[in-house]
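Have a look at the structure first, and then we can walk through a few of its features together.

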Amino acid sequence: MKKLLDKELCVVTGAANGIARAIAERFLEEGADLIVGDYDVETAKKVYGGNPHVLDIVKLDATKIEDIEKLAEAVKKTGRKLKAVLPIVGNGPQNPIETITPEEFHLVMNLNVFSAFFTVQKLIPFMSDKSAIVLISSIAGFQGGKNAILYNAAKAAVRSMARSFTGELAEKGIRANAISPGPTETKAFTDFVHGDDQIREGVVSQIPIGHIGQPSEIASVALFLASDESTYVTGAEVITDGGFTNR
Ligand SMILES: NC(=O)c1ccc[n+]([C@@H]2O[C@H](COP(=O)([O-])OP(=O)(O)OC[C@H]3O[C@@H](n4cnc5c(N)ncnc54)[C@H](O)[C@@H]3O)[C@@H](O)[C@H]2O)c1
């Protein structure tokens, strides 16, 4: 049976760990060639070094335009068109409204919004009429929540961008969609619950499907949205939260 991303070139950022790593590994299983970027390039090299289908491992600070341009250079060098672009980098410190500094404001917006926007913008020249953009928002993007105003607002911007990319890029045949994960088992989530099993169980108890999401469960959705399994899906947001927001 033909693999879903057979010999297709894809870019995944933040791919050393967590959700992006699960996506990259799933895409490799499905026959993709990858260019990956991460700040933590040492871990990325341990994960992908020596894999002939990982064409480049770019040391990337996704909040810096010159680093995003390096990612575009790596794609240009291949002389190939991109099947899919997945700017997954994102995160945000938990801070009460009164304590937030302008520096923190810019950091969270840069990590989540700037990084997604400019990764897409710089890679548009390498996309074709069969390309797909998959952004990672969060259920935080349509919910309130204590101590997370910046992250919530940033993820709201990301889900909005998926829709705006759709309208503007459809004439080039490029599709754009967003995944909005709920709690997902990664380091970022462990940090969020401060490694406390009781807080973790409190979260699990609010998820109708009964478990914290696995990165592989987000990767399956990303595969659907990046591949030709979803040629009529654009401007959509796939809430992938085990029912958390509809409990
Ligand atoms: N884990 C969750 O519960 C959850 C839920 C909803 C949305 N998300 C979103 O999913 C995405 C991935 O989250 P995760 O939980 O897998 O995170 P993670 O912390 O497990 O992994 C993040 C990866 O991004 C890299 N990274 C961090 N800052 C970077 C930068 N400036 N430039 C380049 N690379 C950088 C890290 O080195 C790491 O490899 C994020 O956008 C996050 O907001 C996560």
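Helix 1 has 12 residues, which at 1.5 Å a residue should span 16 Å; the C-alpha atoms at its ends lie 17 Å apart, so the two values agree. Please keep in mind that this is a predicted model.

**Helix 1 itself**
- The buried residues of helix 1 include I19, A20, R21 and A22, and I23, A24, R26 and F27 are buried too.
- After helix 1 comes G31, which has a positive phi near 90 degrees.

**Helix 1 against helix 8**
- Helix 1 (residues 18–29) and helix 8 (residues 215–226) have axes that come within 8 Å and cross at roughly 55 degrees.
- On the helix 1 side, the contact involves G18, I19, R21, A22, I23, R26 and F27; they meet P215, S216, I218, A219, A222 and L223 of helix 8.
- The residues of this contact comprise 9 nonpolar, 2 polar and 2 charged.

**I68 in helix 3**
- I68 sits in helix 3, which covers residues 65–78.
- I68 counts as buried because it has 26 C-beta neighbours inside 10 Å, and the cut-off for buried is 20 or more.
- Beyond its neighbours within four places in sequence, I68 is in contact with A62, F118, T119 and K122.
- I68 and L123 are 55 residues apart along the chain, and 9.0 Å separates their C-alpha atoms.

Key: Residues are numbered from 1 along each chain as its sequence is written. This is a predicted model: local features need pLDDT of at least 70, side-chain atom pairs count only at pLDDT 80 or more; totals for chains, interfaces and linings use all residues. Helices (H or I, at least four residues) and strands (E, at least two) are DSSP runs, numbered from the N terminus. A residue is buried if 20 or more other C-beta atoms lie within 10 Å of its own, exposed if 12 or fewer, and partly exposed in between; C-beta atoms are placed from the backbone. Two residues are in contact if their C-beta atoms, placed from the backbone, lie within 7 Å. Axes are lines fitted to C-alpha atoms, for helices over the stretch in contact, and angles run from 0 to 180 degrees between N-to-C directions. Ala, Val, Leu, Ile, Met, Phe, Trp, Tyr, Cys and Pro count as nonpolar, Asp, Glu, Lys and Arg as charged, and the others, Gly among them, as polar. The expected span of a helix is 1.5 Å times one less than its number of residues.
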